[in-house]
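Hi,

Here is the structure I promised to pass on. Have a look at it first, and then read my notes below.

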Amino acid sequence: MFNKILIANRGEIALRIQRACRELGIPTVAVHSTADAEAMHVRLADESVCIGPPAARDSYLNVPAILSAATITGADAIHPGYGFLSENASFAEMVEAHGLTFIGPSPAHIRMMGDKIAAKTAMASLGVPLVPGSDGAVADIEEARRVADDIGYPVLIKAAAGGGGRGMKVAFAPDELEEAWQVARTEARTAFGNDAVYIEKYLDRPRHIELQVLADSFNNVVHFGERDCSLQRRHQKLLEEAGSPALTAAERDALGATVTAALSKLGYRNAGTLEFLYQDGKFSFIEMNTRLQVEHPVTEMVCGVDLVREQIRIATGRRLGYEQADVTFSGHAIECRINAEDPETFSPTPGRVTAFHAPGGLGVRVDSALYAGCVVPPYYDSMVAKLIVHAPTRAEAIARLRRSLAEFAVIGIKTTLPLHQRIIQDPDFIAGDYTIHWLERFVARS
Ligand code: ADP
């Protein structure tokens with residue numbers, strides 16, 4: 001086991017990782033910006049190091065400062081969490097070059113999956129089904145026209161280096177293609193410094209279904225079922241469920257068999273998530289995330305697994321020690337992402353939290369770094385809490401969610417709690433009848 005783990009992140013995920021480390025008896029080092037000196041992840045850590053001023057590029061993305069913090073504190077491994085440096089292959093390489101362990105996949109796999117074109121090519125060659133689209137990058141508008149005519153409108157132009165829903169534009173008809181093309185390329189260049197784009201068929205009513213996997217260094221790959229993350233606004237997930245209300249156990253097993261066989265052939269290691277669009281009974285791969293995901297707790301609740309603990313064990317070179325048949329699913333779990341945002345305009349609402357009360361009781365989990373008196377700084381992601389409920393059935397999970405949301409109090413700043421209260425009362429949601437486009441329409445009409 002590791003002697004000490006540095007957690008290169010902040011907020012609820014830094015706490016989440018600390019908790020796993022503590023249960024394993026491993027001391028942790030927190031890093032923080034000057035804006036986070038009083039943050040919960042710093043207060044609860046065994047040691048902490050200030051790595052720079054508030055702006056993420058000067059602190060949580062400041063590689064030399066993070067590596068120095070690991071060296072001076074004697075940490076022998078770094079957990080990147082999600083966001084920030086978690087999918088930065090060069091960072092993973094530098095961690096290893098310093099003789100430390102990066103708790104995650106190999107830099108080569110991070111790099112491969114970070115380029116969505118390379119990811120799709122690799123997955124196709126391993127027998128994973130894709131969304132129909134261009135064969136790799138599209139060089140110019142003439143080629144874009146040919147591809148779009150070939151697969152049929154509407155089409156989606158996507159950035160090869162994309163993430164967070166940026167660099168993505170739809171063209172519903174041929175006369176919209178040129179503008180969508182220009183906008184997607186410009187956005188990709190500005191956001192990612194790489195204007196390579198590709199084209200996919202734009203699906204009109206898919207669900208977003210993703211599969212959680214763990215792999216050890218001996219080609220053992222196991223999946224932990226699916227999460228349904230169709231409830232999105234601007235391609236950002238807001239509420240996630242495990243399992244999907246739309247999937248049968250047979251469909252899950254078939255997808256799981258395809259995915260685990262592919263990743264075993266690839267020699268993938270540690271945690272990963274394959275994202276699919278699911279429409280008309282068909283799965284189409286869109287991307288792979290080579291890290292822990294925000295929504296991992298719903299999987300933990302239904303499978304009874306601690307995914308962070310498993311990540312750490314795998315990173316020490318241990319075997320999984322269990323097989324697919326040992327993974328069982330029990331009940332239903334739902335997660336609400338609670339953001340420091342106005343629930344109507346979605347503009348961020350940083351500021352001081354004057355009072356905080358988290359719900360509790362059977363089957364309720366709150367992952368948050370908030371406390372009464374803390375300040376939500378304006379510099380980082382607006383997600384401040386995750387409320388996760390688990391119950392034997394989906395209907396009972398919704399009932400538990402309703403009462404937990406009613407108990408939850410975050411005073412001093414506006415949050416998206418009221419939005420979740422409205423979503424879970426909607427008959428479509430209660431029936432599990434929604435696609436990736438549902439939430440945008442719900443927000444527009446309410
Ligand atoms: P990012 O890495 O920016 O999150 P993804 O490729 O994961 O981009 O896509 C994000 C979301 O965009 C998906 O969850 C889905 O809602 C939507 N999306 C992506 N590809 C398509 C497509 N071909 N048709 C319809 N919607 C899509």
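Val-131 touches Lys-120, Glu-200, Lys-201, Leu-277, Ser-284, Phe-285 and Ile-286, leaving out residues up to four places away in sequence; touching, or contact, means heavy atoms within 4.5 Å. Val-131 sits in the loop between α6 (116-125) and α7 (141-151). Helices here are DSSP runs of H or I with at least four residues, strands are runs of E with at least two, and both are numbered from the N terminus. At 4% relative accessibility Val-131 counts as buried, where buried is under 20% relative accessible area, exposed is over 50% and partly exposed is in between (1.4 Å probe, protein chains only).

Before you go further: this is a predicted model, so local features need pLDDT of at least 70 and side-chain atom pairs count only at pLDDT 80 or more, while totals for chains, interfaces and linings use all residues. Residues are numbered from 1 along each chain as its sequence is written, and side-chain values use heavy atoms, with hydrogens and water left out.

The largest cavity has about 40 Å³ of space, and among its lining residues are His-79, Phe-102, Arg-291 and Gln-311. On terms: with a 1 Å grid over the protein atoms alone, a cavity is a set of points where a 1.4 Å probe fits but cannot get out, a pocket is an open set with protein on both sides within 12 Å along at least five of seven lines, and lining residues have an atom within 4 Å of a point. Grid points are joined across faces, edges and corners, and a volume is the space filled by probe spheres set on the points.

Next, have a look at helix α4 (residues 89-97). Its buried residues are Ala-89, Phe-91, Ala-92 and Val-95. Seen down the axis of α4, they fall within an arc of 160 degrees, so they line one face of the helix; the arc is taken from the directions from the helix axis to the C-beta atoms. Among the elements covering them are α3 (63-73) and α5 (107-114). After α4 comes Gly-99, with a positive phi near 75 degrees.

Most residues other than glycine have a negative phi, and most peptide bonds are trans. Phe-84, however, has a positive phi near 35 degrees; Phe-84 lies in the loop between β4 and α4 and is partly exposed, at 29% relative accessible area. Arg-234 has a positive phi as well, near 50 degrees, and is exposed at 57%. Two peptide bonds to look up are Tyr-153 to Pro-154, cis with omega near -5 degrees, and Ala-242 to Gly-243, also cis with omega near -5 degrees. Pro-154 is in the loop between α7 and β6 (155-159), while Gly-243 is in the loop between β11 (236-242) and α9 (249-266).

Cheers
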